[in-house]
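Please look at the sequence and the model below before reading on. The report goes from the whole chain to single residues.

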Amino acid sequence: MNEIISKLAKLIDVKSLVTLILTSGFMFLSITGGVTGQEFLTIFTIVIGFYFGTQYEKNR
């Protein structure tokens, strides 16, 4: 149980929140037609790449 709480606590840092909010926002815009699928894919790839890139460097 403590391991789950620890993992959830790590999820609540600024980069993670920004990534989750941006992903949710662009998913909403894509579904409602605000952005095309190609635009969504480009933006999502950049955001996720940045997030995992900084996580990789952090763990190095």
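What follows describes a predicted model, starting with its overall form.

## Overall form

The chain contains three helices and zero strands. Read from the N terminus, the order of its elements is α-α-α. Its radius of gyration is 14 Å, whereas the globule rule gives 10 Å for 60 residues, so the chain is more spread out than a compact globule. Along the principal axes, the C-alpha atoms fill a box of roughly 40 × 25 × 15 Å.

## Surface and charge

Of the 60 residues in the chain, 15% are buried. The accessible surface amounts to about 4900 Å², and carbon and sulfur atoms account for 72% of that surface.

Among the side chains, 5 are positive and 4 are negative. The centres of these two sets are 8 Å apart.

## Helix H2

Helix H2 covers residues 14–32, which is 19 residues. From its first C-alpha to its last it reaches 27 Å, close to the 27 Å expected at 1.5 Å a residue.

Which residues of H2 are buried? They are Ser16, Thr19, Thr23 and Phe26. These residues cover an arc of only 110 degrees around the axis, so they lie on the same side of H2.

Just after H2 comes Gly33, which takes a positive phi of about 90 degrees.

Helix H3 spans residues 37–59, and Phe44 is found in it. Is Phe44 buried, partly exposed or exposed? Its relative accessibility is 30%, so Phe44 counts as partly exposed, because that class lies between the 20% limit for buried and the 50% limit for exposed. Phe44 and Ser24 are 20 residues apart along the chain, and their C-alpha atoms are separated by 10 Å.

Ile48 is also in helix H3. With a relative accessible area of 22%, Ile48 is partly exposed; buried would require a value under 20%. In sequence, Ile48 and Leu20 are 28 residues apart, while in space the C-alpha to C-alpha distance between them is 9.5 Å.

Key. Residues are numbered from 1 along each chain as its sequence is written. This is a predicted model: local features need pLDDT of at least 70, side-chain atom pairs count only at pLDDT 80 or more; totals for chains, interfaces and linings use all residues. Side-chain values use heavy atoms; hydrogens and water are left out. Helices (H or I, at least four residues) and strands (E, at least two) are DSSP runs, numbered from the N terminus. Buried means under 20% relative accessible area, exposed over 50%, partly exposed in between (1.4 Å probe, protein chains only). The expected span of a helix is 1.5 Å times one less than its number of residues. The arc is that of the directions from the helix axis to the C-beta atoms. The radius of gyration is taken over C-alpha atoms; the globule rule is 2.2 Å times the number of residues to the power 0.38. Accessible areas come from the Shrake-Rupley method with a 1.4 Å probe; for residues, only the protein chains shown count as cover. Lys and Arg count as positive and Asp and Glu as negative; His and the chain ends are not counted. The place of a charge is taken as NZ of Lys, CZ of Arg, CG of Asp or CD of Glu.
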